Amino acid sequence: MPSDDLPDWLPHWCVDQLGNEPVSVLFKLRRMSAVFGLQLADGRDVVVKAREDEGRAASCVAAQARLAERGFPCARPLTPVIGVDTLAVHAEESRPSGDLLYGDSPDIAVRYAVVFARLMAGLADATVAPPLPNPRWARWDHTDSGLWPTIPELDYRDQRAVPAYVVDTATRARKRLLAADLPCVLGHADFEAHNLRWRGREVWAVHDWDSLAWQPEAALVGAASGVFPKTGPATLPPIESSEAFMLTCQDLRGRRFTVEEQEIAWAASLWPAAHDVRWEALHGDKAVSDTALRAQAAERLRRANA
C-alpha cells in the first residue's frame, strides 16, 4: 500500500522517533489498537502501534522490552510510549512469519503452557507500575457496580439476551475470585493462539503485550488455560486440557499451587468464556463457546469451590 494511506501524524512521528519516513505500508490492522507495518526509507521494517491510553501502555511496553532483552521471543520495542493527542504510540521491530498452532488437546495445552511459564518467569522481577485497569475481558476485579465491568458498547444493549446460566457462572466465579487474598503479579491476559506464532515445535513470537494484567498468578494461569486454543470466535478447551496447562505451569515454575490457588485458577478459567458468550449474545451472534461453557461450567465451578 502507498505510504500516503496513513494518519497525517504518523510520517512525521516516524521521522522524529525513528529517523526515517515510511515509504510503504506493509499492512494495517484495526481492532482495539491501530497497528501499522511500515517500511522506512532506510530499508527497515517496523511496526507502529497506536491506541487510546488508559494509563497502561507505558508499563506494558516496558515489560515487553525487558522480556525481549532477555531473549524471550517477542518484538523488541524501538521507542518508549509517546503521547500523540489522546493516543499512546510506540514502535517495535517487525517479527513476521511463523505458523499458528491449532488444537486444544492436552498435548497442545502443554506446549502452550511451557511458553506461558517461561513468560511468567521472565516477568517475575520486572519493576514496572501495575498496568491497571486490567484488560476488560479479564477485569473480574473491577470496582464498577454490578457483575460486569463497565463496557459502554455492551451496557446499552438489552441484557436479557445473555443466557441466565452465563450470568450465574460469572457471578459464582467472580465471587470466588474476589474472596481470595493472594499477591498480584504481572502476566499476559490474552494468551490466545492467534497471538502466538511457531516455527516447528519452537515458539517464534508472542504478540499483544498491551494485554498484560496485574492479578494473582493462579488467576493468570487459570485464565490462560481456558483461552489458549482461541484463533477466532471464543472457545473453551476440554477440562483435561486446562488441567494439563495448569499442572505444566506449576511444574516448570517449581511450585505447586495451594488449595486456594487451585480453586482460583479454575474460577479464572471461566471468566473469559463467560465474558465472550455475553459479548456475542449481546451482538446477536451464536457463541461458539456457548456449548462448551454450558457443558463444563458445573465441573469447573466445583473445582473452584464456587
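Reply: Helices here are DSSP runs of H or I with at least four residues, numbered from the N terminus. By this naming, Thr169 has its place in helix H5, which covers residues 164–179. The model under discussion is a predicted one.

The pair of interest is H6 and H8. In general, two packed helices are described by the angle between their axes and the distance between the axes. Helix H6 spans residues 217–227 and helix H8 spans residues 259–282; their axes come within 7 Å and cross at roughly 45°. H6 and H8 are therefore oblique to each other, and their crossing is right-handed. On the H6 side, the residues in contact are Ala218, Ala219, Gly222, Ala223, Ser225, Gly226 and Val227, and they meet Glu261, Ile264, Ala265, Ala268, Ser269 and Pro272 of H8. Sorted by class, this contact comprises eight nonpolar, four polar and one charged residues.

Thr169 in H5 also deserves attention. Because its relative accessibility is 2%, and buried means under 20%, Thr169 counts as buried. Leaving aside residues up to four places away in sequence, Thr169 touches Leu270, Leu293, Ala297 and Leu301.

As for the whole, the protein has nine helices and nine strands. Its radius of gyration is 20 Å, close to the 19 Å that the globule rule gives for 306 residues, so the protein is as compact as a globular protein of that length. Buried residues account for 53% of the 306 residues. Of the contacts between residues at least 6 apart in sequence, 70% join residues at least 24 apart.

Technical notes
Residues are numbered from 1 along each chain as its sequence is written. This is a predicted model: local features need pLDDT of at least 70, side-chain atom pairs count only at pLDDT 80 or more; totals for chains, interfaces and linings use all residues. Side-chain values use heavy atoms; hydrogens and water are left out. Axes are lines fitted to C-alpha atoms, for helices over the stretch in contact, and angles run from 0 to 180 degrees between N-to-C directions. Helices (H or I, at least four residues) and strands (E, at least two) are DSSP runs, numbered from the N terminus. Angles under 35 degrees count as roughly parallel, over 145 as roughly antiparallel, 65 to 115 as roughly perpendicular and the rest as oblique. A crossing is left-handed if the near helix is turned anticlockwise from the far one by less than a right angle, and right-handed if clockwise. Contact means heavy atoms within 4.5 Å. Ala, Val, Leu, Ile, Met, Phe, Trp, Tyr, Cys and Pro count as nonpolar, Asp, Glu, Lys and Arg as charged, and the others, Gly among them, as polar. Buried means under 20% relative accessible area, exposed over 50%, partly exposed in between (1.4 Å probe, protein chains only). The radius of gyration is taken over C-alpha atoms; the globule rule is 2.2 Å times the number of residues to the power 0.38.
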